[in-house]
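Here's a quick briefing for anyone meeting this protein for the first time. Have a look at the structure, then read on.

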Amino acid sequence: MNKNNPSQSSRNISIKQRPFTARQERALKTLLNGPCSRERLDRVAGASNGPEIISQLRKRGIQVQCRRVAHIDRDGLSGSHGVYWLPDSERQRINSLHLLGD
C-alpha cells in the first residue's frame with residue numbers, strides 16, 4: 001500500500017478508530033451540507049482555528065478539499081479566503097459509514 005494513497009478500507013478503519021470531538025463533529029456535519037468558508041467554520045465549530053480542525057479531520061482519513069476565493073475587504077484591499085468542501089464521493093462514503101449521531 002502506498003503511504004500517500006491509502007486504500008479505502010484503511011481510510012475507513014482510521015476514520016472509525018475513536019469518536020469525533022464535538023468541534024470535529026460540528027465541522028463535519030457542516031461540510032456534509034456543502035462548501036463552508038473558513039470564517040463560517042470557525043463560528044460553527046466554536047473554534048478560532050478552523051484550519052486545525054480540518055487538519056485533524058484529514059489525519060483521520062477524511063478528504064477535505066480547499067480552494068482560495070478572491071475578495072475585497074472592507075478597506076478595499078484584495079485578499080483571498082479559504083472555502084472547504086467534501087468531494088461527492090467522500091460525502092457518500094461518510095454517510096455510508098454512519099459516523100455521525102443523527
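In which kind of crossing, left-handed or right-handed, does H2 pass H3? The crossing is right-handed, a label given when the near helix is turned clockwise from the far one by less than a right angle, with anticlockwise being left-handed. Keep in mind that this is a predicted model, where local features need pLDDT of at least 70, side-chain atom pairs count only at pLDDT 80 or more, and totals for chains, interfaces and linings use all residues. Residues are numbered from 1 along each chain as its sequence is written, and side-chain values use heavy atoms, leaving out hydrogens and water.

**The overall picture**
- The protein has five helices and three strands, taken as DSSP runs numbered from the N terminus (helices are H or I with at least four residues, strands are E with at least two).
- Along the sequence they come in the pattern α-α-β-α-α-β-β-α.
- Of the 102 residues, 36% count as buried (under 20% relative accessible area, using a 1.4 Å probe and protein chains only).
- Among contacts (heavy atoms within 4.5 Å) with a separation of 6 or more, 56% are between residues 24 or more positions apart.

**H2 and H3**
- Helix H2 (residues 22-32) packs with helix H3 (residues 38-45) at an angle of about 130°, and their axes are 8 Å apart.
- Those axes are lines fitted to C-alpha atoms over the stretch in contact, and angles run from 0 to 180 degrees between N-to-C directions.
- The pair is therefore oblique, the class left over once angles under 35 degrees are called roughly parallel, over 145 roughly antiparallel and 65 to 115 roughly perpendicular.
- H2 brings Arg-23, Arg-26, Ala-27 and Thr-30 to the contact, while H3 brings Arg-40, Leu-41, Val-44 and Ala-45.

**More on H2**
- Buried in H2 are Gln-24, Ala-27, Leu-28, Thr-30, Leu-31 and Leu-32.
- What do the buried residues of H2 pack against? Their partners are strand E1 (36-37), H3, helix H4 (50-59), strand E3 (78-85) and helix H5 (88-97).
- After H2 comes Gly-34, with a positive phi near 140°.

**H3 and H4**
- H3 and H4 pack at about 80°, with axes 8 Å apart.
- That makes H3 roughly perpendicular to H4.
- On the H3 side you'll find Arg-38, Leu-41, Asp-42 and Ala-45, meeting Gly-50, Pro-51, Ile-53 and Ile-54 of H4.

Notes. Buried means under 20% relative accessible area, exposed over 50%, partly exposed in between (1.4 Å probe, protein chains only).
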